[in-house]
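Me: I have a chain open on my screen and would like to go through it with you piece by piece. Could you look at it with me?

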Amino acid sequence: MGTFMETEIELKFFVSTDFSRQIRDKITDLKVLQQRQRDLGNIYYDTPDYLLRRHDIGLRVRRYDDVFVQTLKTAGRVVAGLHQRPEYNAELESPVPDLSLIPADAWPEGLDIEALSANLNPLFSTDFERQQWLLAMPDSSQVELAFDSGEVTTENGGYDPICEVELELKSGQTDALFVLARELAENGGLRLGNLSKAARGYRLATGYEGDPVKPLTMVHVSGLMSVEQSFVKALEHALDHWHYHEQVYVERPEQEAIFEMCNAVSLIRQALVLYGGLIPRRASALLRQELQWLEGELDWVYEGRAIERLLDDKGHFLRKLNAQKPLMAKLSDRYDELPERAEVLELLHSSRYCNLLLDLSRWILTRGWQPFLDDKAREKLGEPIRQFANRSLAQSWDELLSVFAEGNELDRFAYLDQQPRLNRNLMSGCCVAALFETEERETFRLPWLDLLQGIEDFQLLEPVRKLADDEDLDEDDRAQIEKWLGRKEESLLHAMMQSRQIGLQLEPYWDI
């Protein structure tokens, strides 16, 4: 095993309000070394124009029972991949900050501290009761469990409840942390979360509407990384994308966020395939089975997206059809049959879903594939990523050529069949393509992304095709729909042939 820096390892969950009962049931079987309870209050300060926030500085006064402590956290820096974020603490007599207690060199240059001090206002408060247990796990590791319940409030009446559980490994094996987490997740009702109380306070105070949905980006690999480091990077990148969009969906009914979660799952599955020659399949068997289960639970999203596009803008896409109105009504009915938000939220708080995320994090953190490796694989995983990337991309390219070569006549069915393969190839690129020149890479990927878009447009026609077979439609309407579908299909096939021709003529960016 490689050596890892000692960093705090903790897991944080958002839980339901009655979760303390579940905690008490779970810890009756464990040895409690210490138990305490206290009231904590934090007031966060900033200027009306958020000067501190803009400098990535946090200023708070924390109350522990009756003691006040002022903390300033500065932006910090990243050194060799480790985050260093200096903080300056000082005891106070009251909850009012005293900036004279902070060393001058803690502040960014040119900041007028006196003016800042005169302009400070309380921005928001977090007040909560913390119950803490220090637990001895069966393997003699020690884990601290904290349950916080309270509220975030702002000066102008904003309110957000706090109900969280944090687990922190105090000594021993990382596995112990996950064993306890799985125990707690047994009956559902909790969700892994990484939005801090302070972040929630800032959102509340600034009227922030929530994070936007973002497309999946390239994994940030560099030529200095080993094959194994690049593999870890791909998994972490996908997991971040997943967590981010889960939070977006929980905050607001944004169907696209679920689609991006599906993209993250696809990236993880593709990373397991891409590096599968070196990491034996049995090392990830359980994870793959559970990822496949989740994909099955969410596969309605693609149909939902297609129907949304068809109904968009009052059914503009279908405007030339006489049967536009009945078609839209049927599409609406079909859309209503898809899982509702409440069902999706239930899935995201379920025990099986939570355990999948826990197992994935644990597998990445403890390098769960290591015990399955022989010396040869270990050596190959230690090599620089570049050659592996060249080899994988070339292999992937050969696979695409065999299917999409110019001589191959492809109809709608063939394209729909090839969608998973094209997607996999583009996802493989996602894992390692950041090693290469951006412009050449983007130029090369573009026609294939166009081709994927073309396949999605075929899928868009599928719900209309299903409805065209409907007995209720009269002959003329049905004939018109058939003709309309035929025309759409023909122009799509033509455009996709052009994309293929362009794609096949370009020089692969890993050869340049």
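Me: Before we go on, what should I know about the numbering and the cut-offs for a predicted model?
Reply: Residues are numbered from 1 along each chain as its sequence is written, and because the model is predicted, local features need pLDDT of at least 70 and side-chain atom pairs count only at pLDDT 80 or more, whereas totals for chains, interfaces and linings use all residues. Side-chain values use heavy atoms, with hydrogens and water left out.

Me: Back to α12, then: how many of its residues are buried?
Reply: Of the 15 residues of α12, 13 are buried, so the helix is largely enclosed by the rest of the structure. Buried here means under 20% relative accessible area, exposed means over 50%, and partly exposed is in between, with a 1.4 Å probe and protein chains only.

Me: What span should α12 have?
Reply: At 1.5 Å a residue, α12 (residues 351–365) should span 21 Å, and its end C-alpha atoms are 21 Å apart, which agrees. The expected span is 1.5 Å times one less than the number of residues.

Me: Which other residues have a positive phi without being glycine?
Reply: Among them are S140, with a phi of about 70 degrees, and K314, with a phi near 55 degrees. S140 sits in the loop between β8 (121–136) and β9 (142–154), while K314 is placed in helix α9.

Me: Are those two buried or exposed?
Reply: S140 counts as exposed, at 60% relative accessibility, and K314 also counts as exposed, at 73%.

Me: Staying in α9, what about I307: buried or exposed?
Reply: I307, which lies in helix α9, is buried, with a relative accessible area of 0%. Leaving out residues up to four places away in sequence, I307 touches L331, R334 and Y335, where a contact means heavy atoms within 4.5 Å.

Me: And how far is I307 from R465?
Reply: They are 158 residues apart in sequence, and 12 Å apart in space from C-alpha to C-alpha.

Me: Which residues of α10 are buried?
Reply: The buried residues of α10 are Q324, L327, M328 and L331. They cover an arc of only 95 degrees around the axis, which puts them on the same side of α10; the arc is that of the directions from the helix axis to the C-beta atoms. On the other side of α10, K325, D336 and E337 are exposed.

Me: Why do residues three or four places apart point the same way in a helix?
Reply: An α-helix has 3.6 residues a turn, so residues at that spacing point the same way.

Me: What covers the buried residues of α10?
Reply: The cover includes α9 (300–315), α16 (438–468) and α17 (475–505).

Me: Changing topic, how many helices and strands does the chain have?
Reply: The secondary structure comes to 17 helices and 11 strands, and buried residues make up 49% of the 512 residues in the chain. Along its principal axes, the C-alpha trace spans about 80 × 60 × 55 Å.

Note on methods:
Helices (H or I, at least four residues) and strands (E, at least two) are DSSP runs, numbered from the N terminus.
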